[in-house]
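Me: I would like a close look at one part of this model, the stretch at the start of the chain. Please describe how its pieces sit together, and then how other parts compare as separate examples.

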Amino acid sequence: MKVILAQPRGFCAGVVRAIEIVERALVKYGPPVYVRHEIVHNKHVVESLKAKGAVFVEELSEVPPNAVTVFSAHGVAKSVEQEAATRDLPVLNATCPLVTKVHNQGKRYVGQGRKLILIGHAGHPEVEGTMGQIPAPVTLVQNEKEVDELDISPDTPVAYVTQTTLSVDDTKGIIAALQRRFSDIVGPETRDICYATQNRQSAVRDLSKLVDVILVVGAQNSSNSNRLREIGADMGVPSYLINDARELEPAWLDRVATVGVTAGASAPESLVQEVVIRLREFGAVVVDELAGVQETVHFRLPREVAEVAS
C-alpha cells in the first residue's frame, strides 16, 4: 500500500501560537491556568494541556478570582473582555492574529457607516466572537440562498468579512452573490483570507487526484477539518474524518492501493504518524509526501510569555 501525506497539513501558525501561550503560562504562573473554550478544536490537544494543569471552562463565571485566564484562538466577544476586566482577571489573549484582523476590518467598515455582513457558520465560536466585537448589528450569511433572502435595500452601503476557517473557494460564490445584490459593497482583499485554510484545501484537491481513499485527521467540531473531508468527497474520492488512528475502519481499505492522509489546522502531526503506524498493520506501506506549499508564517507571542521557555 502506498500512503501519500498532504503538504501542508496539520497545525497552522495561529494554532501553534495558541498552544504555546497556554504551555508558557503554565510554566510562568504554575497550574491551574484557566482557558475559556477549547483552545483549539482538538480533544487530543485539550487533553494534553489538561494533563499539564490547564482547566477548560465555557464561561468566565467558572474562573476563580485572580486566576490566569486564556482566551482561545477563535476569539471572544467584547462583552467577555469587559467581564474579565471588571473581575480584574489576568488575561492572555490567544486569539489568532488573522481573526483579530477580521475584527479590525469589521470595525473599520462599520465606522465608515456601512452595514456589515459576516460570511460564516452560525454557532461557531469565531463567528460569535466576531459578531460580539463589532459595535453595530452584524448580519450573518452562510450560503447564497441566504444572500437572496436578505432584507437589506440593494442601494445600502454594505461591507463583508469572512470567518477565517473558510477559504477563498468556500466564499467566492457567496461574495459573488453579494456583489450582484448590492451596488455599493466593499470587502477585504483575497489575500486577507486565512492562508492555512486555502493551502490545506488546495493540497487535498491535489491529493485526491492520486489516491483511492482520503483520511482526514481532525475533530468532528473542527470546521476546517470537516471541509477537508467534504472536498475529498466532492472530488469523487471516499473521504473520512477521524479523531485518531483508532477510528480507522479496515473496510475503508478494501481493494485500496493508495491512501491519502491529511490533517486539519488544529490536529497535531503525532496523530498523522499514528495513522501511518496503524496502516502498517494491514501490510507493507510506502510513505510519500506531496510537494506542496512550505508555510513559513510565524506569529509573535504576547509579551507576558514571550521570554518563557515552554
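Reply: What follows goes through the start of the chain and then through some other parts of the model.

The model is predicted. Strand 1 covers residues 2–5, and the loop between strand 1 and helix 1 holds Pro8. The peptide bond from Gln7 to Pro8 is cis, with omega near 0°. Pro32 is in the loop between helix 1 and strand 2. As background, most peptide bonds are trans, and most residues other than glycine have a negative phi.

Helix 1 spans residues 13–29 and helix 2 spans residues 43–52. Their axes come within 10 Å and cross at roughly 10°. Angles under 35 degrees count as roughly parallel, so helix 1 is roughly parallel to helix 2. On the side of helix 1, the contact is made by Ile19, Val22, Glu23 and Leu26. On the side of helix 2, Val45, Leu49 and Lys52 take part. Sorted by class, this contact has 5 nonpolar, no polar and 2 charged residues.

Helix 2 also belongs to another arrangement. Strand 2, helix 2 and strand 3 make a β-α-β unit, and this unit is right-handed. Strand 2 covers residues 33–36 and strand 3 covers residues 54–57. The two strands run parallel and are joined by 4 bridges. One of the pairings involves Val33, whose bridge partner in strand 3 is Ala54. In general, strands of a sheet pair through backbone hydrogen bonds, either parallel or antiparallel.

Between strand 2 and helix 2 there is a loop, and His37 is located in it. The phi of His37 is near 70°, a positive value in a residue other than glycine. His37 has 15% relative accessibility and therefore counts as buried. Is Asn66 buried or exposed? At 60% relative accessibility, Asn66 counts as exposed.

Thr95 lies in the loop between strand 5 (91–93) and helix 4 (97–111). Its relative accessibility is 6%, so Thr95 counts as buried. Leaving out residues up to four places away in sequence, Thr95 touches Arg17, Phe71, Ser72, Ala73, Gly75, Val76 and Thr100.

Strand 10 (residues 213–217) and strand 12 (residues 258–263) pair in the parallel sense over 5 bridges. Within strand 12, Val261 stands opposite Leu215.

Helix 7 (residues 168–181) and helix 8 (residues 195–208) have axes that come within 9 Å and cross at roughly 105°. Angles of 65 to 115 degrees count as roughly perpendicular, and helix 7 and helix 8 are therefore roughly perpendicular to each other. Val168, Asp169 and Asp170 of helix 7 make the contact with Gln198, Gln201 and Arg205 of helix 8. By class, this contact has 1 nonpolar, 2 polar and 3 charged residues.

At 12% relative accessibility, Ile152 counts as buried. Apart from neighbours within four places in sequence, Ile152 is in contact with Lys115, Ile117, Thr139, Val158, Arg181 and Phe182. The C-alpha atoms of Ile152 and Gly283 are separated by 59 Å, and these residues are 131 residues apart along the chain.

Notes
Residues numbered from 1 in each chain as written. Predicted model: local features only at pLDDT ≥ 70, side-chain atom pairs only at ≥ 80, totals over all residues. Heavy atoms only, no water. Axes fitted to C-alpha atoms, helices over the stretch in contact; angles between N-to-C directions. Parallel < 35°, antiparallel > 145°, perpendicular 65-115°, else oblique. Contact = heavy atoms within 4.5 Å. Nonpolar A, V, L, I, M, F, W, Y, C, P; charged D, E, K, R; others polar. Pairing = 2+ DSSP bridges. Right-handed = clockwise from strand over helix to strand, strands pointing away. Buried < 20%, exposed > 50% of the residue type's maximum accessible area, 1.4 Å probe, protein only.
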